[in-house]
Amino acid sequence: MHVTHLLLEEPIRMASILEPSKSSFFPAMTKIVGTLGPKSRSVEVISGCLKAGMSVARFDFSWGDIDYHQETLENLKTAVKSTKKLCAVMLDTVGPELQVVNKSEHSISLEANAVVVLTPDQDQEATSKLLPINYGGLSKAVKKGDTIFIGQYLFTGSETTSVWLEVDEVKEKDVVCVIKNSATLAGSLFTLHVSQIHIDLPTLTDKDKEVISTWGVRNNIDFLSLSYTRHAEDVRHAREYLSSLGDLNQTQIFAKIENIEGLTHFDEILQEADGIILSRGNLGIDLPPEKVFLFQKAAVYKCNMAGKPAVVTRVVDSMTDNLRPTRAEATDVANAVLDGSDSILLGAETLRGLYPVETISIVGKICAEAEKVFNQDLYFKKTVKYVGEPMTHLESIASSAVRAAIKVKASVIIVFTSTGRAARLIAKYRPTMPVLSVVIPRLKTNQLKWSFTGAFEARQSLIVRGLFPMLADPRHPAESTSATNETVLKVALDHGKASGVIKSHDRVVVCQKVGDASVVKIIELED
Ligand SMILES: Nc1ncnc2c1ncn2[C@@H]1O[C@H](COP(=O)(O)OP(=O)(O)OP(=O)(O)O)[C@@H](O)[C@H]1O
Ligand SMILES: CC(=O)C(=O)O
Ligand SMILES: [K+]
Ligand SMILES: [Mg+2]
């Protein structure tokens, strides 16, 4: 049975803070996206990540080739089978990312006050005096006095492996810079960030298209994470491209907001995208530090009201090398949940960190604690008011289901869905209990062969706060007759019981179609 907790706004007894939290089947309602890489690609570690609560695996093509990521993905599939934990796949594009080209991968020492030249001539060797980069347009984009930041991929800004440069002079295609701090660039991938300039490169590059049309198609990717989305047009263009690739017309696009250009066009991007990734790594460098939290609150709120998932990145950088987050990081994770985020995306922590499984587990625990004091009541009222009247039928059913579930203290909401729309709408009202979304497969044809829909829809709910999908047996007819409804409901209830979220005598709210009418019903279980 669902326990009521005090809200943050109510007086909390200090002693209650120390009470240990009951463990539950679901580590948290907030989802965790883990970036898989060198330290997280064995079947064993991936299985640990899944058990700790990772429900989306991110494959970042900023580094590594198709074969490397395929090998990791095969291991993920093995781990999914053996742990029986579902996991969605996210392909992250390179986009207009500026990188230092260091073919020999030697470490490079840079001395404060010395001069270093950035050159687009990629045949040159990287040295402490000359750094080849992958972009020919830098000299046109910068001017004297501009700041350039270089760091190991997914830098924090405080490592001794990252460096600030100041542009001193532009010499034809080269950019001459003064080094502001001593640093040693060690590692295989260095990215470059120039504050607040326009990079004249397409958002979906030719390399990205190649990766999507091969690796993406082969693996039926659930999500495309569109790096450096700057305009709604970028999303439309990516959507057109995906649509030309058969089943990938079902892939959802998550626009990554990583710079001020993306922030400026946020509203129009949100309209086109299926979800948003608040890429705080890059954006945190583009924005003045005192503005970062404001962007987060405003962007997450807009996503919530649109009923589209908001994913927050770069939360526990220090766990890349440590078993415990800093207090600032721990508080930051909780605040992301209180702000309304759906998912937390881990980058360096799982990719090259020493403790990928522990990181997922700790982040999940922090999320779960924050969820308990999330002011659902206030959130619900704000959302209803924002949506206004008249509501669509489905939205009114969805919000009523959430309200009923809270009023009767239901342990779960079970929602039948084919397109996933009904499940997403319920999640939009942020119920305090898990939502089992029972995806009913539908038979479809492309005039060559028949197949079932449903797998994409089920996996795509793995990034939405509170949604836990299960795929119904395709042998059940998709028509919502009362007989099929009853059989499918029984399977869902058994699944809930087996996983421990539903117990005898619990109340359960069910949202389904009976004939043509959508209904919300409350059932009370016996044994
Ligand atoms: N196979 C099903 N059996 C019973 N109820 C269903 C089924 N599929 C969806 N529903 C219910 O129908 C309503 C619409 O849900 P949703 O939009 O997710 O599914 P849909 O059936 O694909 O949509 P549409 O009504 O546009 O065809 C919701 O109340 C949902 O719970
Ligand atoms: C994850 C990422 O790309 C960022 O935070 O910038
Ligand atoms: K990337
Ligand atoms: Mg980034």
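Trainee: Is Ser 62 buried or exposed?
Mentor: A residue is called buried under 20% relative accessible area, exposed over 50% and partly exposed in between, with a 1.4 Å probe and protein chains only. Ser 62 has 8% relative accessibility, so Ser 62 counts as buried. This is a predicted model, in which local features need pLDDT of at least 70 and side-chain atom pairs pLDDT 80 or more, while totals for chains, interfaces and linings use all residues. Residues are numbered from 1 along each chain, chains are lettered from A and ligands numbered from 1 in written order, and side-chain values use heavy atoms, without hydrogens or water.

Trainee: Which protein donors hold the potassium ion (ligand 3)?
Mentor: Donors are N, O and S atoms within 2.8 Å of the metal, or 3.2 Å for Na, K and Ca, and sites may look incomplete because water is not among the atoms. Here they are Asp 60 (OD), Ser 62 (OG), Asp 92 (OD) and Thr 93 (O), lying 2.6 to 2.8 Å from the ion. Ser 62, in the loop between β2 and α3, and Thr 93, in the loop between β3 and β4, are 31 residues apart; helices (H or I, at least four residues) and strands (E, at least two) are DSSP runs numbered from the N terminus. Thr 93 is also buried, with a relative accessible area of 1%.

Trainee: Which protein donors does the magnesium ion (ligand 4) have?
Mentor: Glu 258 (OE) and Asn 282 (OD1) lie 2.0 Å from the magnesium ion. Glu 258 sits in the loop between β14 and α7 and Asn 282 in helix α9, so the pair ties together parts 24 residues apart in sequence. Glu 258 counts as buried at 2% relative accessibility, and Asn 282 counts as buried at 18%.
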